[in-house]
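Let's take a walk through this model together. Have a look at it first, and then we'll go stop by stop.

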Amino acid sequence: MEPDSTVWNCPFDYAEALEFDPTLKRLLTEEPVARIQLPHGEGWAWLVTRYEDVRTVTTDRRFSRHAVVGRDFPRMTPEPIVQDEAINVMDPPASSRLRSLVSKAFAPRHVERMRERTHHVVDDLLSRMAGHGPPADLMEHLAGPLPLITICEVLDIPEGDQAQLRAHARTMMNLRVDNKDNAIRSKAEMREYFRKLTAERRRNPGDDLISVLATARDGDEMLGEQELTVMAMVLLITGQDTTTYEIANLSCLMLSRPDVLARVRSRPDLLPQAIQEMLRFIPFRKGVGIPRVALEDVELSGITIRAGDIVHVSYLTANRDGSRFDRPDELDLDREGPNHMTFGWGGHHCLGAPLAITELEVALGSLLKRFPELALAKPPKEIRWNQSSIWRYPLELPVVW
């Protein structure tokens, strides 16, 4: 079937707490393979919203991430966040080689060491929060500092450099049109910082994650200079802000739902499963991320996507697809079934997911154990939410105990 002239205008600017974007819901139910216009970039793109179609696009070699390099593709941000040499715009076998090398840094023994250190950091942060006394902002005392401290320790980033690097990352994520020049500058400055840092770690490796990456071998294969630079950037950006927002989102969801909070408190062993269901349920970001290009004609749900077309997928809608999840719009802590797509899928599933899950489990488990009477300090409707970034998260999360 050929597409008609309909192109959905999709600013994807909906940011109503943790409510699902009604435009995404309409696309999933009314036109699961649709043409969309995004705020930035040239032309239109396809948006694929069903679970099975998303799985096809993210695993089928007929769709290429690398083919977007050099194209002004439709996107959410004024300046593309992604670097041309980054693993997240590579296709197999190049991406397979890098993933094999990077996965060595997330081997179970490394993740367990990260878990131990995360426990120490969380205990220290919660002690400071207890000393501060109620009310306290959970964003300020836990969700904000924890992932930044953790990833900077894992990467061994000097403390004096951390604030500037975080500022660069947030500038790159900003959606405002007048932010483009700042985003370009931030990306260039962050890249130069990591170029110097990774070169130093290559010369004088320690036991940090960058050093592990710099010295990791798969046979005769090692990461190249630019690959290592960009990989370190990706790890810092994805390893701190996104986890910060998810700690805040999951905390807000639990504290806003007495039934969920009571269940997890009475069954601490249920927390890992509860976290997975909350990750499925929460609309974590706005809109879409990095697209792919169809390398040949492909039919999805009765629609023919032509060779050369740009194709976006929505992991958010895939997580709410009623053909894969029973009662998809309900939070069910006992849910069993397919895996959620919050960390992506296929060859671009998030390599840092084990560290993110570790931080979520330690942070939320310790928080509930340390403060058994924890509650929101104001009604959920009065909490202010981010409006300017691609991510959905509360700007503050005041709590009492």
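A residue is called buried when its relative accessible area is under 20%, exposed when over 50%, and partly exposed in between, using a 1.4 Å probe and protein chains only. Helices (H or I, at least four residues) and strands (E, at least two) are DSSP runs, numbered from the N terminus. What you're looking at is a predicted model, where local features need pLDDT of at least 70 and side-chain atom pairs count only at pLDDT 80 or more, while totals for chains, interfaces and linings use all residues. Residues are numbered from 1 along each chain as its sequence is written, and side-chain values use heavy atoms, with hydrogens and water left out.

Start with helix H12, residues 271-281. Eight of its 11 residues are buried, so H12 is largely enclosed by the rest of the structure. Those buried residues are Leu271, Ala274, Ile275, Glu277, Met278, Leu279, Arg280 and Phe281. What do they pack against? Their partners are H10, helix H11 (258-266) and helix H14 (353-370), with contact meaning heavy atoms within 4.5 Å.

A pocket here is an open set of points on a 1 Å grid over the protein atoms alone, where a 1.4 Å probe fits, with protein on both sides within 12 Å along at least five of seven lines; lining residues have an atom within 4 Å of a point. Of its 17 lining residues, Glu16, Ala17, Leu18, Glu19 and Pro380 are the closest to the centre. Helix H10 (residues 225-256) gives the most to the lining, with three residues.

Next comes a sheet. Three strands make an open, antiparallel sheet in the order E5-E11-E10; strands pair if DSSP finds at least two bridges between them. Strand E5 (136-137) and strand E10 (375-376) are at the edges with a single partner strand each, so one side of each has no neighbour in the sheet. Two bridges join E5 to strand E11 (residues 398-400), and Asp137 has Pro398 as its bridge partner in E11.

Finally, two single residues. Cys152 sits in helix H6 (residues 145-155) and counts as buried at 2% relative accessibility. His312, in strand E9 (residues 310-313), is buried too, at 1%. Beyond residues up to four places away in sequence, His312 touches several others, including Trp46, Pro74 and Ile290.
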